[in-house]
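Biologist: Hey, can you walk me through this one? I'd like to start with the charged pairs and then get to the core and the sheet.

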Amino acid sequence: MIYQKLDEQTLQAVLDILETMGEALAHLQIREDAALRQAVQNGRLEVTAALEKSVPLEQRIHVSQLTDEDWLRTAYFLLSELSNPFCPRNFVDREFLTLLEYVWSHSEKELVDTMKSSMARLKRISQDGYRNFVRYFARFPLWGTLDPVRKDFTTLELRAAVLKQHSYDFLWLYCRLEDYFSRRTLLAILKNWALLDLVDLQTVKSIFPDYWELDIFPDNKDDFFVDVGAYNGDSIEKYAAAYGTGYRKIYAYEISPDTCQQFLQRITTLGLHDVTLRQKGLGRVQSEMFLNSNTADSSANQLSQNENGQTRVMVVPLDEDLEDEITFLKMDIEGAEQDALLGSERIIRSLHPKLAICTYHGYEDIWKIPVMIDRMYPDYQFYLRYYGGNLIPTEFVLLCKPPNS
């Protein structure tokens with residue numbers, strides 16, 4: 001990519017404005033202040049005007065639609081890109097850049113229109129595939145609704161918005177990933193979102209069981225393993241099958257009473273040692289929430305503040321609930337991962353456990369969760385692995401490996 005570089009005086013002025021904006025936003029998180037809010041808006045306009053001299057921002061990413069926090073982060077990523085432009089070194093890099101340029105050169109409406117055309121093509125090729133695609137979003141509404149008969153294309157609009165507004169987050173993540181298998185995985189997911197590509201996802205599916213990537217995490221010797229979203233114990237069973245019983249202790253968190261019973265029966269049958277089940281949810285702060293059961297799939301049960309839920313569930317920060325020195329943390333909790341990570345920040349900052357975090361429960365998790373973890377501990381090595389099918393990308397996991405592990 002070719003950019004017109006900022007002169008040193010302009011660059012320093014932009015950095016000063018961004019630093020001031022960051023301080024103002026930190027204050028605004030504590031208390032709203034009209035003067036500070038206006039200062040942030042003025043700063044946005046000044047930075048946008050400066051960067052527009054090098055990059056056609058509004059065409060590329062629709063700056064005006066970004067939140068203040070998202071714009072601040074994106075501006076820093078842009079400055080980094082201007083200083084050290086992404087230069088493709090191989091066919092994977094070139095294909096990723098081609099996808100970015102496609103997103104940058106089309107409006108959100110044009111992106112959605114292409115997605116609709118891809119759906120129509122799928123319908124012509126495979127009626128079953130088309131029906132399964134539409135039905136999936138009715139069963140699992142985390143990604144928005146889709147009902148072509150009623151002209152409801154919300155999930156496609158969400159895809160287009162995240163692709164357009166967060167393209168520089170995706171570029172940052174692509175460069176942040178440790179290996180080209182991870183980068184090809186990210187590319188395959190984004191191509192499916194943008195173009196309904198059904199080919200590339202088949203080529204990046206991991207050969208290992210979900211979460212347990214032996215090339216990244218080769219053993220579990222002396223692990224204090226925490227399984228958040230343990231469901232019926234299936235992931236712990238695969239953990240033990242992959243690594244054996246060399247762990248020291250396992251803590252399992254699950255919210256559904258029925259699933260907890262299934263969990264205990266499975267663990268008893270397996271005869272695994274030192275496994276503790278906690279019927280709790282994890283979050284940023286302690287609270288009481290209610291279980292909303294998913295009738296289509298109990299593994300997709302969620303917590304909400306809606307008192308129509310029949311079962312009360314205590315939610316706690318992991319930082320306050322465990323005292324052991326955790327070495328491995330896995331999360332698969334149906335969209336609550338961001339909140340749970342905020343409640344695990346002390347553990348991540350101080351202990352740097354291995355992480356296996358699902359990032360597919362909504363269109364923003366794939367970029368936002370890596371950003372969150374990078375801020376907590378920037379020395380992690382990031383990997384992305386995929387375990388799903390080729391129609392709709394689900395079951396992809398961010399794996400974070402601490403140095404010297």
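Predicted model: local features only at pLDDT ≥ 70, side-chain atom pairs only at ≥ 80, totals over all residues.

Biologist: Which one links glutamate 213 to something, and what is its partner?

Modeller: Glutamate 213 pairs with arginine 385 through their side chains, at 3.6 Å from N to O. The two sit in distant parts of the chain, 172 residues apart: glutamate 213 is in the loop between helix H11 (200-203) and strand S1 (224-228), and arginine 385 is in strand S10.

Biologist: And is glutamate 213 buried or exposed?

Modeller: Buried, because its relative accessible area is 3% and the cut-off for buried is under 20%. Arginine 385 is buried too, with a relative accessible area of 6%.

Biologist: What about lysine 280, what does its side chain meet?

Modeller: Lysine 280 makes a salt bridge with aspartate 321, at 2.8 Å from N to O. That pair also links distant parts of the chain, 41 residues apart, with aspartate 321 in helix H14 (residues 318-321) and lysine 280 in the loop between S3 and strand S4 (281-282). Aspartate 321 is buried at 15% relative accessible area, while lysine 280 is partly exposed at 25%.

Biologist: Arg44, noted. Which residues does tryptophan 71 contact, leaving aside its neighbours within four places in sequence?

Modeller: Arg44 is one of them, and the others include Met21, Val47, Thr48, Leu51, Leu57 and Ile61. Val63, Leu66 and Leu78 are also in contact with tryptophan 71.

Biologist: Now the core. How many residues does the largest nonpolar core have?

Modeller: It has 129 residues, and Trp71 is among those with the most contacts inside it, along with Leu51, Phe170, Leu186, Trp193 and Ile373. Helix H5 (residues 91-104) gives the most to this core, with 8 residues.

Biologist: Why would they gather like that?

Modeller: In soluble globular proteins, nonpolar side chains tend to be buried together.

Biologist: You mentioned Phe170. Which residues of H9 are buried?

Modeller: Phe170 is on that list, together with Ser167, Tyr168, Asp169, Leu171, Trp172, Leu173, Tyr174 and Arg176. That is 9 of the 10 residues of helix H9 (residues 167-176), so the helix is largely enclosed by the rest of the structure.

Biologist: Switching to the sheet: in what order do the strands come?

Modeller: It's an open sheet of 7 strands with mixed pairing, running S3-S2-S1-S8-S9-S11-S10. Strand S3 (275-278) and strand S10 (381-386) are at the edges with a single partner strand each, so one side of each has no neighbour in the sheet. From one strand to the next, the twist averages 15°.

Biologist: How do S9 and S11 pair?

Modeller: Strand S9 (residues 354-358) and strand S11 (residues 396-401) are antiparallel, over 4 bridges. Leucine 355, for instance, has cysteine 400 in S11 as its bridge partner.

Biologist: And what does helix H10 touch on the sheet?

Modeller: Helix H10 (residues 180-195) packs against S10 and S11, and its direction makes about 50° with that of S10.

Biologist: Last one: what does lysine 191 form a salt bridge with?

Modeller: Aspartate 197, with the closest N and O atoms 3.9 Å apart. Lysine 191 is buried at 12% relative accessible area, and aspartate 197 is buried at 17%.

Note on methods: Residues numbered from 1 in each chain as written. Heavy atoms only, no water. Core = buried A, V, L, I, M, F, W, Y, C linked by side-chain atoms within 4.5 Å. Buried < 20%, exposed > 50% of the residue type's maximum accessible area, 1.4 Å probe, protein only. Contact = heavy atoms within 4.5 Å. Pairing = 2+ DSSP bridges. Axes fitted to C-alpha atoms, helices over the stretch in contact; angles between N-to-C directions. Salt bridge = Lys/Arg side-chain N within 4 Å of Asp/Glu carboxyl O.
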